[in-house]
Amino acid sequence: MSKPKVLQLGEIVLAHDKWEQLTDVAEIVTPKATNREEFIAECKSGRFDDVIAAYRTFPSVSITGIFDEELVQAIPKSWRFLAHNGAGYDQVDAHACAARDPPLLVSNIPTIADDSTADTAVFLILGALRNLNPSMQALREGKWKGSPPPALGHDPQGKTLGILGMGGIGRNLKVKMDVFGMKAIYHNRRKMSSEDAAGAEYVSFDELLARSDVLSLNLPLNPKTRHIISTAEFAKMKKGVVIVNTARGPVMDEDALVKALDSGHVASCGLDVFEEEPKVHEGLIRNPRTVLVPHMGTWCIETQMMMEEWTIGNVREAVTKGKLVSPVPEHVDLQ
Ligand SMILES: O=CC(=O)O
């Protein structure tokens with residue numbers, strides 16, 4: 001009897017053994033397509049007709065494009081599960097997937113990415129607060145600290161850390177920054193128990209903007225959070241605020257950020273994510289006070305291994321048991 005098919009969308013970087021073991025229960029197929037148009041044509045050609053589950057990575061969006069209604073309607077009905085290797089699943093329209101008949105059930109990585117993403121935020125907070133970028137750049141250009149030396153930075157001790165989006169990563173970051181003496185406040189749609197918020201103070205959105213010395217964005221990207229930080233929000237912040245984003249680029253209006261940096265209202269920023277990755281706004285590159293990292297939040301061996309193994313676990317569960325281990329919240333009640 002032939003095995004069910006699993007479609008591989010993107011590379012397996014580390015968990016080769018676990019992926020290989022999947023062939024005990026499934027046949028793995030890979031797309032020939034290199035862009036969305038070709039991928040949709042390949043779906044319609046019948047080549048994926050026996051696929052029941054797919055493994056997908058963030059960069060595989062270059063092959064498939066967003067999993068939106070058009071794509072979800074083009075894939076074969078046999079294809080019932082989509083295991084996403086990542087915490088944020090903004091490249092997948094969970095509502096369009098749920099609305100398909102039968103639904104395309106989606107899973108993500110629930111907590112595995114919390115530590116490494118929060119660690120990246122710690123690095124960006126310290127780098128941006130201490131204004132480390134100009135001297136790092138000067139050193140590589142053979143100019144030691146540069147002449148004149150860069151403006152003095154600030155200590156984190158005693159400063160207020162505002163966390164927009166107190167989920168697993170926000171909470172992890174809060175606990176880590178306690179050690180640096182920062183006082184955390186947060187805003188979510190709903191106030192959490194003190195335990196879930198790790199003791200951070202709940203404030204309104206406007207109060208968060210007004211009180212933060214460092215504002216960290218830790219919320220998912222969706223139509224409601226797109227450009228949640230823009231010109232009007234920057235105007236409500238303290239002069240000299242530091243902005244850190246390890247969530248998704250489009251939660252912040254990058255043009256507005258560049259203007260706020262140029263005017264000096266925002267002192268500096270630390271960014272791991274950008275509005276149009278891999279494109280980076282020229283105004284961020286030319287500004288020496290920005291600390292910029294090309295979406296490396298989870299790019300470390302231990303975390304990548306765990307993320308891949310977890311995602312493969314979701315694929316295996318789909319193939320062998322017809323369900324997912326960690327469906328996205330919108331799909332929990334669908335399986
Ligand atoms: O960006 C990384 C993730 O969503 O896991």
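The model is predicted: local features need pLDDT of at least 70, side-chain atom pairs count only at pLDDT 80 or more, and totals for chains, interfaces and linings use all residues. Residues are numbered from 1 along each chain as its sequence is written, and side-chain values use heavy atoms, with hydrogens and water left out.

An open sheet of 5 strands shows parallel pairing in the order 2-1-3-4-5. Its edge strands are strand 2 (27-29) and strand 5 (105-107), each of which pairs on one side only. On average, neighbouring strands of this sheet are turned by 20° against each other, direction ignored. Strands here are DSSP runs of E with at least two residues, helices are runs of H or I with at least four, and both are numbered from the N terminus. Two strands pair if DSSP finds at least two bridges between them. Axes are lines fitted to C-alpha atoms, for helices over the stretch in contact, and angles run from 0 to 180 degrees between N-to-C directions.

Within this sheet, strand 3 (residues 51-57) and strand 4 (residues 81-85) run parallel and are joined by 5 bridges. Ala 53 has Phe 81 of strand 4 as its bridge partner. Helix 13 (residues 301-321) packs on the sheet and touches strand 1 (5-9), strand 3, strand 4 and strand 5, its direction making about 170° with that of strand 3. Contact means heavy atoms within 4.5 Å.

Asp 50 lies in the loop between helix 2 (36-44) and strand 3. Leaving aside residues up to four places away in sequence, Asp 50 touches Lys 5 and Ser 78. The C-alpha atoms of Asp 50 and Lys 77 are 8.9 Å apart, although 27 residues separate them along the chain.

A further open sheet has 7 strands in the order 8-7-6-9-10-11-12, with parallel pairing. Strand 8 (201-202) and strand 12 (290-292) stand at its edges with a single partner strand each, so one side of each is left without a neighbour in the sheet. Strand 10 (residues 241-245) runs parallel to strand 11, with 5 bridges joining them, and Val 244 has Gly 270 in strand 11 as its bridge partner. Helix 11 (residues 254-262) packs on the sheet, touching strand 10, strand 11 and strand 12, and its direction makes about 135° with that of strand 11. Helix 8 (residues 168-178) lies across strand 6 (160-164), strand 7 (183-187) and strand 9 (214-217), running at about 170° to strand 6.

The ligand is surrounded by Gly 86, Ala 87, Gly 88, Arg 248, His 295 and Met 307, where a residue is near a molecule if one of its heavy atoms lies within 4 Å of it. By class, this shell has 2 nonpolar, 3 polar and 1 charged residues. Ala, Val, Leu, Ile, Met, Phe, Trp, Tyr, Cys and Pro count as nonpolar, Asp, Glu, Lys and Arg as charged, and the others, Gly among them, as polar. A backbone N or O atom of Ala 87 lies 2.7 Å from an oxygen atom of the ligand. An N or O atom in the side chain of Arg 248 is 2.8 Å from a ligand oxygen atom, and a polar side-chain atom of His 295 lies 2.8 Å from an oxygen atom of the ligand. The protein covers 85% of the 190 Å² of accessible area that the ligand has on its own, by the Shrake-Rupley method with a 1.4 Å probe.

Most residues other than glycine have a negative phi, and most peptide bonds are trans. The bond from Asp 101 to Pro 102 is cis, with omega near 0°, and Pro 102 is placed in the loop between helix 5 (94-99) and strand 5. Glu 277 and Pro 278 are also joined by a cis peptide bond, with omega about 5°. Asn 131 has a positive phi, near 55°.

Definitions and conventions: Polar contact = N/O pair within 3.5 Å; in protein donor to acceptor, adjacent residues only side chain to side chain.
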